[in-house]
Amino acid sequence: MDKFKQLESFVSVAARGSLTAAARAEGVAPAVMGRRIDALEERLGVKLFVRTTRRITLTHEGSAFLENCQRLLSDLTAAESGVSAGGARASGHLRITAPAGFGRRHVAPLVPTYLAEHPDVRVSLNLSDRVVDIVHEGVDCAVRVGDLPDSSLVSVRLADNRRLCVATPAYLAKAGVPHHPEDLARHECLTLSSDASQTRGWAFSIDGAVTHLRLAGRLDCSDGQVLHDWCLASLGLAWRSTWEVQSDIRQGRLVSVLDAYAAPPNGIYAVFPHARHMPLRVRLWIDFLKQTYSDEAYWRSHGG
């Protein structure tokens, strides 16, 4: 049996949540799809799905394997498109979305350059801190920052995203400098509203393990830019990305604390519904983001 077809079937079943739906999309019998999954699991020696009469869900091993399969299929599709597209020009309507703060700083300014290189493309950019359902809302590509939830969507890591705990010198002079993450319980912590994000809290590396702290203070907000402004106004400590506060730190307006407990960086990702038959305009947009964000000089000149 074709190994590649097994991988395609696995990704299709994971995306659609059932053998029947995946089989219908490909025009084969559900039993055919089931045999492919069985053969793949036997070849790998692990269970990828937990199957009941009502539903099918990924195992832990299946979730990890899905991400690798999506990346593999995406790379293969990009390689094929690069050959088959030949001298074709990107065209059509590119619909993209990004978080509001990051999008204003690091997505919107790139659009004019992309359009200049691809004059037959038009772009719609949606900036929102809401997690947009890109499949049901017809979005081609989302830029997302942070840990990605388990998903059947395809993602490409574009760059690292490092988070820092910061405050103004005036706030630290008044409230004291925290020396351990546990000290934050005695500080004013400026946090995202619980209904504004799926964040698990502020992340720190403690005793070799990443620990997420759910912190509270008198102020929280659904808008990260407001938290940044409140932090600059000496109202408390904030946990912000380097792309947002790096300039403030360089100029002395903010100071980073608890650096010894900094968690490993999470990521900045391009997320899209599927890799097969990706329009050229989408592939070139993702390639453009990868090229831009992988350049350290970009972040030195645009960080904060």
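Hi everyone, let's start with a cluster: ring pairs link Phe102, Trp243, Tyr293, Tyr298 and Trp299. By a ring pair I mean rings of Phe, Tyr or Trp (its six-membered ring) with centres within 6.5 Å; planes under 30 degrees apart are stacked, over 60 edge-to-face, and the rest tilted.

Before going on, please keep in mind that this is a predicted model, where local features need pLDDT of at least 70, side-chain atom pairs count only at pLDDT 80 or more, and totals for chains, interfaces and linings use all residues. Residues are numbered from 1 along each chain as its sequence is written, and side-chain values use heavy atoms, leaving out hydrogens and water.

In total, the structure has 12 aromatic pairs. Take Phe102 and Trp299: their ring centres are 6.4 Å apart and the planes make 35 degrees, so this pair is tilted. Phe102 belongs to helix α5 (residues 100–106) and Trp299 to helix α11 (residues 296–302), so to speak of distant parts of the chain, 197 residues apart, is what this pair links. Helices here are DSSP runs of H or I with at least four residues, strands are runs of E with at least two, and both are numbered from the N terminus. Phe102 and Trp299 are both buried, meaning under 20% relative accessible area; over 50% is exposed and in between is partly exposed (1.4 Å probe, protein chains only).

What else does Phe102 contact, leaving aside neighbours within four places in sequence? The list is Val107, Val143, Val145, Trp243, Ile268, Tyr293 and Trp299, with contact meaning heavy atoms within 4.5 Å.

That brings us to the core. The largest nonpolar core has 30 residues, and Phe102, Ile268, Trp285, Tyr293 and Trp299 touch the most other members. Such a core is a set of buried Ala, Val, Leu, Ile, Met, Phe, Trp, Tyr and Cys residues joined through side-chain atoms within 4.5 Å. Helix α10 supplies the largest share, seven residues.

Now to the strands. Six of the eight residues of β6 are buried, so β6 is largely enclosed by the rest of the structure. β6 pairs with β14 in the antiparallel sense over seven bridges; pairing requires at least two DSSP bridges between the strands.

Finally, one more ring pair: Trp202 and Trp239 are stacked, at 6.5 Å centre to centre and 20 degrees between the planes. Both Trp202 and Trp239 are buried. Thanks, everyone!
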